Each structure stands twice: as C-alpha cells, then as structure tokens.
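This briefing sets out selected local features of one protein structure. Please read the points below alongside the sequence and the coordinates.

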Amino acid sequence: MSKKLIVVGGVAGGATAAARARRLDETAEIVLFERGEYISFANCGLPYYIGKVIKERETLLVTTAEAFKARYNIDIRLFSEVTEINRSEKFVTVKDTKTGETHTEKYDKIILSPGAEPLRPPLEGIDLENIYSLRSIPDSDLIKAQVDDKKPESAVIVGGGFIGLEMAENLAHRGVKVTIIEMLDQVMAPIDYEMASIVHAHLKEKGVTLILGDGVKSFSKSGDRIKVTTGKGVRAECEMVILSIGVRSESIIAKQAGLEIGKRGGIIVDSGMRTSDPDIFAVGDAIETRDYVLGFPAMTALAGPANRQARIAADNAMGRNAVFKGTLGSAVAKIFDLTVASTGSNEKTLKQNNIPYLVSYTHSGSHASYYPDPEMMSIKLVFSPSRGKILGAQIVGGKGVDKRIDVIATAIRGAMTVYDLEELELAYAPPFSSAKDPVNIAGFVAANMLKGDVKTVYWDDLKDIPADYILIDLRDKSEIDESGTIEGSLHIPVNELRGRLNELDKSKNYISYCAIGLRGYLGYRILTQEGFKATNLSGGYKTYKVTTN
Ligand SMILES: Cc1cc2nc3c(=O)[nH]c(=O)nc-3n(C[C@H](O)[C@H](O)[C@H](O)COP(=O)(O)OP(=O)(O)OC[C@H]3O[C@@H](n4cnc5c(N)ncnc54)[C@H](O)[C@@H]3O)c2cc1C
C-alpha cells in the first residue's frame, strides 16, 4: 500500500521536503498544506523588492502551486491551516482560512515546516497603524505600498539583526531617513562587538541614525506620525516602523499534539529530523537542532539549514536513513556597501560557556593590490588554543567576503585547524585574490600565535594597561597624521626600529602596532630577538580604532 505524507508549510522547508519525497517515491500520496496564498516564495528577497532592487513581484515566486503540482504531482492546498494533529488516530484537522470550514486528513507520516513568526511584544501602542513586521509576500505588499504611495520621510527599525539592516538599506535606497533602535550595544548579534563596530561606522556614514543599548518602550500617535519612545527616554518620530526583533518558532500545533518542545520553544528533533513521535518529522525555523561546533541545542532561522533538513526529513520519511550533523549558522548579509558574514562560534558564546579559545584579526585586500579596485576585509578567526581547531570566523568588508567565509565554513566541517588554513591551495589570479589568500593569511597569523612566534594583545586589553607597558606605533608619520594614533604611543617607523633600539628600555614591556598587524609583528620579531619584552596588537590600529569611534 502506498504511503501518505502530509507536509505542513509550503515555503523553504515544506516545498523542498515535498519535492524530495516525490523524487524518492513516485507512488506516495503527498499533500502539502499552506495556510497562506503562496508556496515556495523567496522570503529572503522581500527587503529588496521593497527597495525596488528586485523590480518584478512575480520573480519572488520561485514556483506556483500549479507548476509545482505539474512537476511533482503533489496535492497542494493553499489557504489551508493545519490546526491539530491527532497522533493516536493519525489524522490532522485542517481549517480553510478563507471560509473557516474544517476537515480532517489521514496520514502515515508528517513533515512539519511551519517556520517562525516575527516577535511582537505587548508594548504600548504596538497595534497602531503603520507598524509592520516582514515575513511574507502580503507583509511586503503592505510595506511597499506605504513607501510607494505615502512616500514617508522617515522610518524607525526596531532591531538590528540582518532583516532590520537589510530593511534599513532598502528603505534608505527609497529615500527614507532611517533610525535603528537596538537593545544590545551592537547590531548583528552573530558577530562580536568589534566586528559589528565596523558596521556601526558604515551605517552612520550612510546617514542611518543608530540608537544602541536602548529598547523601545512605547509607540504613540503624534498627528499623522508615530512617536517611538525608548526605555532611556529617547524619542523618535516617523511615518512607519518595522519590527525586526527576532522570531518565535511556530510550534503551537506540535505542542498541542504533545511533541517534545525545547526550552526556547523549538520543536525537538533527533539527527534524522524525527520529533518525539517517530512518524512526525520537523525542519526549519520551527525546530531546535544542534550547534555543529559546540554540540549545544541551537535554533537557526536560515534558509540553508531549512532546505538541508527538509531533504533529510523526506529521506527518512520515505524509509532512508539520513543524518543532519548540526548547523554552523553560516550567514552573509549585504549592508549598504559592506558584506558581513559569519560561521561557527563567536567569541561571546565561547566566553559565556567558559570554552577556551584564541582569536586572531587580519585585514587583507580582496585581491592583489596592484590590480584595480581591491577592497579590504577584516577577518576574525576563532580557534582552539590547544590544537588550533577552527571554531568560527567573522568577516566584514567588501568584495570576496562571501567566498572567504565559505572556505572557512567548509574548513570547520572538515575539522581543520589553522595550520590547514596556512596550507590551503586556493585559486589565484590578480583580479580575484593574492598569491597568499586572505584565508591563508588568517591561518599564518593564527599559527604564529600557536607556535609562540608572536605574543598578542587585543583591542580590549588596551582599556587598562599597566604603567610599565609602552605602546610603539610603527607606522609612517603620514599615516598617523591621517588617521591618528593611540594616545601615549612612542612613534618609531618600523624601517627605523633597528637603528633606534637604543631609545628603548629592556626593563619595560612594549606593545608594537601598525595599521593592520603585519609591521607590528615584524617589530615584535625585531624587539624580542634583541632581548626586549614585547607583544603585538592583534589587528593593529584598524581594529582598535573602529571600537573607539
Ligand atoms: C525578510 C526575510 C529575509 C530573509 N533573508 C534570509 C537570507 O538572506 N538568508 C537566509 O539564510 N535566510 C533568510 N531568511 C530566513 C529564511 O527565509 C527562513 O530561515 C526559511 O524560510 C525557513 O523556512 P521554513 O520552511 O522553516 O519556514 P517558512 O519559510 O517561514 O515557511 C513556513 C510556512 O508555513 C506556513 N505555516 C505555518 N504554520 C502552518 C500551519 N499550521 N498550517 C499550514 N501552513 C502553516 C506559513 O504560512 C509559512 O508560509 C529571511 C527571512 C525573512 C522573513
């Protein structure tokens, strides 16, 4: 007898699971329930549609229900919300969202991919007009209509995650003056503070007002406008608000069916994407899965993991034995002219969990400096102090950031160390890279630290340095004139250092630095081989400066 598979949710995870299940079993009866009007739409493209970067609405529809049915022979039911799962009798109750009528549908297996809904905390005034969240095509229609028709002068974005920042860019692109209010002291939580500081400076450069370390307390009407008041009493007026403060798993039907739910509200699954009921699988934003690096429970609202999990769930629902090994949370976002990317663990998480780690900062060009228009990227590599196993990376810069983060994400999956990064043979020609790729350079610097070739201090160590520590700025005078120096530093250009060692004192501790760390390292090598006590400032003045702006 053929199997009956019910899929709940028809976008990233749901559509993928249904298509994969069909490819594996031509005889199965597959029914996909989607409570909205569309399946398989490009939610990741919605900010760009509002920004008119994506011009045609139809291009957001990766496929239509008719085309999907024609190709995969899947019974697609739009406007159909699954409201209940009866596990003992193996049927679901489905409500027609247009008429309110309900019916039941039998199943052998279910794959749940209901996603996650944007958070809307019960703040005073939250239900006022023109306060939006962005998840679906109808949401984007509402926001775009306001921008197109009402031509707002200003908007407040609550939350500095990647959706908030993408919206900031796209609204600015439409001529709207944007203010971002973020409760944390930084935007883009997956990256660490000093890397986010590069983003902060860039947002300000682009005319975005950034209010950090402060949360919204209330919204109120002020004539035709909305007044946003923060906990610290800051007031901002605007014509529209976008709420992007995070998402919550749509686990309600799973919960009501008695499936196991994690502490953070996600549906718990095993490595085969099975819930606590072996006939019910779950994938995507709604689930709690495993952090690949640390092995901890993780909730990741990203399209890549949703798609891969969907394939695995379909395999297993159709009788195969596939395993999901966890998520790295690899992510990339375009924030105006910057690309911001991360993979694996960040320093914050490792610190919170008392996991030992080391960090290196490097700043490299996207390609050979002699070929036109290289763009700089800052790489933070996080690795274990014992074997140099790569734990995570964050990269902020221009061209080529996406490629480097993907190389490092692959290296983490391959359980590689920083020594492996030194040895990676990556494709090179001047328009694309340098003979020493930025990933190789990150490996060299990290490996130098592990081999004891350099002792390092970090930007935040400089907040409180003992009196017998002396900073030496090894840059040229012109660089100092242009961008400043760290107060109290000696200035000896690196090329003069060997000839001016007599100006230094062997009883003191020297912290050498330059613009990005390379000349600082060279200075460190000269000083220590001449019997001076020294450390090098990782990432140089560039990393320090961005955190002090
Ligand atoms: C604006 C925006 C931009 C994004 N950009 C990126 C990006 O650049 N990169 C990236 O990796 N990720 C991005 N994401 C996240 C990515 O879209 C999600 O991680 C992914 O869509 C999750 O897939 P899913 O199947 O779990 O949930 P969804 O894609 O949200 O699909 C869930 C579907 O289930 C339906 N549903 C829910 N409950 C029921 C029910 N009971 N019955 C029937 N149907 C139901 C919902 O209506 C919904 O259509 C973005 C998300 C948004 C909103």
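Predicted model: local features only at pLDDT ≥ 70, side-chain atom pairs only at ≥ 80, totals over all residues.

Asn170 lies within helix H5, which covers residues 162–173.

- When neighbours within four places in sequence are left aside, the contacts of Asn170 are Pro47, Tyr48, Gly51 and Val53.

**Packing of helices H6 and H16**

- Helix H6 spans residues 193–205 and helix H16 spans residues 540–548.
- The axes of H6 and H16 are 8 Å apart and form an angle of about 70°.
- Because angles of 65 to 115 degrees count as roughly perpendicular, H6 and H16 are described as roughly perpendicular to each other.
- On the H6 side, the contact involves Tyr193, Glu194, Ser197 and Ile198; on the H16 side, it involves Thr543, Val546 and Thr547.
- By residue class, the contact of H6 with H16 comprises 3 nonpolar, 3 polar and 1 charged residues.

**The sheet S18-S20-S21**

- Three strands form an open sheet in the order S18-S20-S21, and the pairing is mixed.
- Strand S18 (267–268) and strand S21 (297–298) are the edge strands, each pairing on one side only.
- Strand S20, residues 287–290, runs antiparallel to S21 and is joined to S21 by 2 bridges.
- Arg290 has Pro297 of S21 opposite.

**Leu501 in a loop**

- Leu501 belongs to the loop that connects helix H14 (494–497) with strand S30 (509–513).
- Is Leu501 buried or exposed? Its relative accessibility is 14%, so Leu501 counts as buried under the 20% cut-off.
- Setting aside residues up to four places away in sequence, Leu501 is in contact with Leu527, Glu530 and Phe532.

Conventions: Residues numbered from 1 in each chain as written. Heavy atoms only, no water. Helix = DSSP H or I, 4+ residues; strand = E, 2+ residues; numbered from the N terminus. Contact = heavy atoms within 4.5 Å. Axes fitted to C-alpha atoms, helices over the stretch in contact; angles between N-to-C directions. Parallel < 35°, antiparallel > 145°, perpendicular 65-115°, else oblique. Nonpolar A, V, L, I, M, F, W, Y, C, P; charged D, E, K, R; others polar. Pairing = 2+ DSSP bridges. Buried < 20%, exposed > 50% of the residue type's maximum accessible area, 1.4 Å probe, protein only.
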